[in-house]
Amino acid sequence: MRKMIAALLALLLMCCTGCGHRTIQASSFALDTEVTIRLYAGGEEQDAEDALACIDSCERLLSAHREGSDISALNASDGQPVPVDALTAQMLARALDIGRETEGALDVTLLAASELWNYKSDCPRVPRQAEIDEALRWKGMERIAVEGSVVTAKEVRIDLGAVAKGAIGDEARALLRERGVTCALLNLGGNILTLGQKPDGSDWVVAIEDPAGEGCVGTVAFSGSRAVATSSGAQRYFEAEGVRYHHILDPETGFPARSGIASATVLAPDGLTADALSTALFVMGEECAEQLLQRYPDCAAVLVREDGTVRTLGAVDFTCD
Ligand code: AMP
Ligand code: MG
C-alpha cells in the first residue's frame, strides 16, 4: 500500500509543478526509507546528489542504531559529558524544548521502550509489564543537558526517530537554498519539504494517506517553503491476538498511544517542528492537540480520527477526497 501511496503522491506532486521546466531528480535509501529530491528551478544534478549526501551524513550523526553516531555515543556515555557535532546538539535541544511544550507527549528518551516492542524486526512482540517498567527507567528528558556542543545524558536512552526525518530534511533544504535552488521538493519517506514557489505559480498539493486502508483521505494545498509530516498508527505495526500494536508510544505507559487519533498531519515552516508535532499530536489526542497548536500560530494540522472523520486545526487548505 505504501508504494501505491508514494506513487500517487509523486504523481500528484509532478502534476502540480507545472510543465515545461527541467526537473532534476535524485533518490536514495536512507533513514530506513526512500528519499527523493526533485529540483524544479535552479541547481544542477550535483546539488541534488549533495543534498542526498547531506542526508546520509546527518543520519550518521543522529541514528541511535548506527555505531559511531553522536546518539550512540551519548547512549553509551554513562553520564559523562560528550562533545557532539553542533547539529546534534542543536536538534537535541530543539526536540527537548518541543518535548517540554508538549508536556512529554513527545519524548526522545523512549529508545529502551521502543526496542522492547521490536517493531523493526521480523518478530515483534507484546512485552511483559515488568519489562516495560524496566525500560521506562531509562526514560527522562530532564536527564539530558545540552551546553553548547557538549551533551550530558545520564541513565537515559535517546532516540530521535520522531524528529530526525524532518530535522534532516531541514538541513538538505538549507543546502539546496544555499546553492541557488529556487524551487524544490524533498520527500523523506513521506516527510515532505518544499522550497519556494512552483514555477507555474500554482500551489503544492500533498496527499494524506488513509490510515484505515488504501488510498487517501484528502489533500492539503499550500504555497512556498513548508514542511508536512504525518504520524500514523498504520505506518508501522503488528497484530497479536486480534489487537493492533503500532510504533508510536505513550511515554506514560510505554504502550502504543491510544488517543482516538489514527493519523496526525502537521504543516509547519520547518521539518523538525512538523515531525515533532505530528508525533506529539498523535499521542496527546484531539483536545490537547487543539490547545497545543494555539502556541504554534504558523502551524496547522489535519487529524484523522479512529472513526475515519477528519478534523483540521489552524489555517489549512484541506480538500477531502
Ligand atoms: P513518527 O513516525 O515521526 O511519529 O516517529 C515515531 C518514532 O519515534 C518511533 O518509531 C520511535 O522510534 C519514536 N517514538 C515513539 N513514540 C514516541 C514518542 N511518544 N515521542 C518521541 N518519540 C517516539
Ligand atoms: Mg514525527
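Is D275 buried or exposed? I found D275 buried, at a relative accessible area of 6%. The cut-offs I used are under 20% relative accessible area for buried, over 50% for exposed and partly exposed in between, with a 1.4 Å probe and protein chains only.

**Ground rules**

I am working with a predicted model, where local features need pLDDT of at least 70, side-chain atom pairs count only at pLDDT 80 or more, and totals for chains, interfaces and linings use all residues. Residues are numbered from 1 along each chain as its sequence is written, chains are lettered from A and ligands numbered from 1 in the order in which they are written, and side-chain values use heavy atoms, with hydrogens and water left out.

**The magnesium ion**

I looked up the protein donors of the magnesium ion (ligand 2) next. They are A162 (O), D275 (O), D275 (OD) and T279 (OG1), lying 2.1 to 2.4 Å from the ion. Donors here are N, O and S atoms within 2.8 Å of the metal (3.2 Å for Na, K and Ca); water is not among the atoms, so sites may look incomplete. Along the chain, the donors of this ion follow the spacing A-x112-D-x3-T.

Where do D275 and T279 lie? Both are in helix α8 (residues 271-284), four residues apart, which is about one turn of the helix. Helices (H or I, at least four residues) and strands (E, at least two) are DSSP runs, numbered from the N terminus. T279 counts as buried too, at 11% relative accessibility.

G271 is buried, with a relative accessible area of 1%. It touches G166, A167, D170, L193 and A227, leaving out residues up to four places away in sequence. Contact means heavy atoms within 4.5 Å. G271 and E171 are 100 residues apart along the chain, yet their C-alpha atoms are separated by 9.2 Å.

Then I followed helix α7 (residues 164-178). The axes of α7 and α8 come within 7 Å and cross at roughly 170°. Axes are lines fitted to C-alpha atoms, for helices over the stretch in contact, and angles run from 0 to 180 degrees between N-to-C directions. The two helices, α7 and α8, are therefore roughly antiparallel. For such labels, under 35 degrees is roughly parallel, over 145 roughly antiparallel, 65 to 115 roughly perpendicular and the rest oblique.

Which residues make this contact? I listed A164, K165, G166, A167 and D170 from α7, and G271, L272 and D275 from α8. By class, the residues in the contact of α7 with α8 are three nonpolar, two polar and three charged. Ala, Val, Leu, Ile, Met, Phe, Trp, Tyr, Cys and Pro count as nonpolar, Asp, Glu, Lys and Arg as charged, and the others, Gly among them, as polar.

**Another helix pair**

I turned to helix α2 (residues 45-62) and helix α4 (residues 86-101). Their axes come within 10 Å and cross at roughly 70°. So α2 and α4 are roughly perpendicular to each other. C58, L61 and L62 of α2 meet L87, T88 and M91 of α4. The contact of α2 with α4 has five nonpolar residues, one polar and no charged ones.

**Domains**

How is the protein chain divided? The domain assignment gives domain 1 (2-57 + 164-320) and domain 2 (62-153). Such bounds come from an automatic or database domain assignment. Taken over C-alpha atoms, the centres of domain 1 and domain 2 are 23 Å apart. I noted 30 residues of domain 1 in contact with 25 residues of domain 2.

**Loops**

D32 sits in the loop between β1 (24-30) and β2 (33-41). Its phi is near 65°, a positive value in a residue other than glycine. D32 is partly exposed, at 43%.

E241 is in the loop between β11 (237-240) and β12. The phi of E241 is near 50°, again positive in a residue other than glycine. E241 is exposed, with a relative accessible area of 83%.

My last stop was S223, in the loop between β9 (216-222) and β10 (227-232). S223 counts as partly exposed at 39% relative accessibility. It touches Q197, D203 and W204, not counting residues up to four places away in sequence. The C-alpha atoms of S223 and W204 are separated by 5.8 Å.
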